[in-house]
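I opened the model today and kept notes as I went. Here is what I looked up, entry by entry.

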Amino acid sequence: MPLARSFSVTSLSGLDEWDDEFDLDDAVLFEIAWEVANKVGGIYTVIQTKARLTCEEWGENYFLVGPYMESNVRTQVELIEPTNAALRRTIDKMNSSGCKVYFGRWLIEGSPYVVLLDVGFTAWSLDRWKSELWENCSIGVPWFDREANDAVLFGFLTAWLLGEYAAQCEDPPHILAHFHEWLAGLGLVLCRQRQLPVATIFTTHATLLGRYLCAGNVDFYNNLAEFNVDKEAGDRQIYHRYCLERAAARCAHVFTTVSQITAIEAEHLLKRKPDIVTPNGLNVKKFSAMHEFQNLHAQSKARIQEFIRGHFYGHLDFNLDKTVFLFIAGRYEFSNKGADIFLEALARLNYLLRVNHSDVTVIAFFIMPARTNNFNVETLKGQAVRKQLWDTAQTVKERFGKKLYESLLVGQLPEVSKMLDKEDFTMMKRAIFATQRQCLPPICSHNMLEDSTDPILTCIRRIGLFNSSQDRVKVVFHPEFLSSTSPLLPMDYEEFVRGCHLGVFPSYYEPWGYTPAECTVMGIPSVSTNLSGFGCFMEEHIADPSAYGIYILDRRYRSVDESCNQLTSFLFQFCQQSRRQRIIQRNRTERLSDLLDWRYLGRYYVSARHMALAKAFPDAYVYEPHDPTSTTGFRYPRPASVPPSPAHSLHSSPHHSEAEDEDERYDEELEAEKDRVNIRQPYSVPHKNKSLPADPADPAEPADSVELPEKN
């Protein structure tokens, strides 16, 4: 379903045209979200990683607004007194009127100011505010929906904060409020209903109704224009939530979303076309040494291999050096996240590897939190057996080394038959007998509360992947977030991703997709889809995504079976790669990380904010949009050197010898230089002084920056 490109241009080459200065000295930015200093999902990552860049642009005039969660504040926020006089008076006035408002610095990069609203403390006002919402907006919120009740409390407190701040300012303020998602959207609606002097932006990272519809196994994208949205929301008992989200989208001065695919969705479900698409970025940390990230991959892979040695003890009949680690991670939405099609593709991949007598083994990890009550005893036993074997080997090695040392001291070559005595052999035999196992290695690392109905386990039983010795594909389901303190797999998520070979995210519903983006930044190839914001973004900017380790699965124009076959083909091709080809591909993938840096993608947020200021305060600000047809965007060309996968190889055989690999043409420096030509240098935002000038007549000197439309 085509959609004309939104007001902004998602082609990075268009950004050089934004070269007019926009004076922000007398403007204040409030960014409001339920996930400020409160990790729930991906919006937390968006706000956390973007904060440093926004602080550089707005300085002391940037405030994040979120809910007060005591457990999070203790570890993430340093409570201080407000430095802004108007905001200090605002907080004092609200606290004296029956609220609890906290102010501090969020202890992340950029150290932004945060205003935290205690929604529980003002719960006594819930019924009164619900009545006001019904009288003014005709939106009724049922008593049993706790999340919606929190949204009402948070929205009224946010509108109170902004209105009080406007009243406490000595000069007419230019307030800009950016609201994320429906949980914060009511504050925007109330600002417009009360006609507060506030420029508003609403960003939807995923529509409520879209997520529910996709989870219900409907043909979503082919029927977007046909849905009776009011009926569908009512049938799913989320009509009140849908009304809050739709009202925020309709009332905002500027409406944005995170990808073109979500822009199509929002236009049909929320009945407003987004003004700007604001892709999500990351803070990209480049390494000084070109291949340092390859060394990190090797270190993390070794730690995963240690886990595998324990998990598969007694059935470790495969070569770990020829084992490929795949993984899928994220919210446990079996169909939306593509776990269903991934499992089916793994079954087909297992068949292909077996009939082709491949010596490659695939281990697929499912990192999706589910309801459990403890670790699986058999899994813990595996790690204990592995450690016992290691301790036995170390003991024998020390005794062997001591005898060797003493033999060499007296000038004699050691007799190998005397180096290991009977006791050593007894220890080793006992260790070997301890590895005997009567059952297959477990699929799930934990005891599931709903084992018989769990979607992943049910599907595994159907396709028959039980980690048997005949299977070339093994499965490990880890239904818990990764942690470096875990007794089972002591790695945090970043370390784990670095140690894997391929991330597989065949999502049916993925408005952006931080998981494949994080893989790209860490130099790990990934599979995404043309229904994810990330996949569409990469397709637009790379001529041959698979050459750079970005495999785009077609889930929009193909049937489920065809998409599954395509995914199987991607995985089989990846398994055929030689070790050297995988290293080359990781180098190419890592070079794409600049595309996802907030230094580039933050510009879309800059443009959205300036557009909102110009719409709300036309006497003070002017914004002239650029013609979106004037730029078509650059596209990374396909690398001219060694093919990234055997599917495009010059060789007819999928099996490469080391000698053949050495003869293939590949120049890392030359490729990197060509790619650097295709991407602009990161821009520098206008830096605001961290402390306001003492003399208003002596403003902070502007730094070199990207310039935007000027103020009158």
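I call a residue buried if its relative accessible area is under 20%, exposed if over 50%, and partly exposed in between, using a 1.4 Å probe and protein chains only. Helices (H or I, at least four residues) and strands (E, at least two) are DSSP runs, numbered from the N terminus. The model is predicted, so I note that local features need pLDDT of at least 70 and side-chain atom pairs count only at pLDDT 80 or more, while totals for chains, interfaces and linings use all residues. Residues are numbered from 1 along each chain as its sequence is written, and side-chain values use heavy atoms, with hydrogens and water left out.

**Entry 1: strand 10**

I looked at strand 10, residues 323-329. Seven of its seven residues are buried, so strand 10 is largely enclosed by the rest of the structure. I checked both faces, and both are covered. Thr323, Phe325, Phe327 and Ala329 are buried on one side. Val324, Leu326 and Ile328 are buried on the other. The general rule is that side chains in a regular strand alternate between the two faces of the sheet.

Next I looked for a partner. Strands pair if DSSP finds at least two bridges between them. Strand 10 runs parallel to strand 11 (residues 361-367), and seven bridges join them. I found Phe366 of strand 11 as the bridge partner of Ile328.

In what order do the strands of the open sheet come? I read 3-4-5-2-1-6-7-8-9, with mixed pairing. Strand 3 (77-79) and strand 9 (276-277) are at the edges with a single partner strand each, so one side of each has no neighbour in the sheet.

I then picked one pair. Strand 4 (residues 101-106) and strand 5 (residues 113-117) run antiparallel, joined by five bridges. Tyr102 is opposite Leu116 of strand 5.

I listed the buried residues of helix 7 (residues 208-215): Leu208, Leu209, Gly210, Leu213 and Cys214. They pack against helix 6 (181-193), helix 8, helix 9 (239-251) and helix 10 (260-269); contact means heavy atoms within 4.5 Å. Just after helix 7, Asn217 has a positive phi of about 60°.

Is Glu232 buried or exposed? Glu232 is buried, at a relative accessible area of 17%. I located Glu232 in helix 8 (residues 229-235). Leaving out residues up to four places away in sequence, Glu232 touches Leu209, Leu213 and Phe227. Tyr212 is 20 residues from Glu232 along the chain, and their C-alpha atoms are 9.3 Å apart.

**Entry 2: helix 1 and helix 22**

I compared the axes, which are lines fitted to C-alpha atoms, for helices over the stretch in contact; angles run from 0 to 180 degrees between N-to-C directions. The axes of helix 1 (residues 42-58) and helix 22 (residues 598-616) come within 10 Å and cross at roughly 65°. That makes the two helices roughly perpendicular. Angles under 35 degrees count as roughly parallel, over 145 as roughly antiparallel, 65 to 115 as roughly perpendicular and the rest as oblique.

Among the residues in the contact are Val46 and Leu53 of helix 1 and Tyr605 and Leu613 of helix 22.
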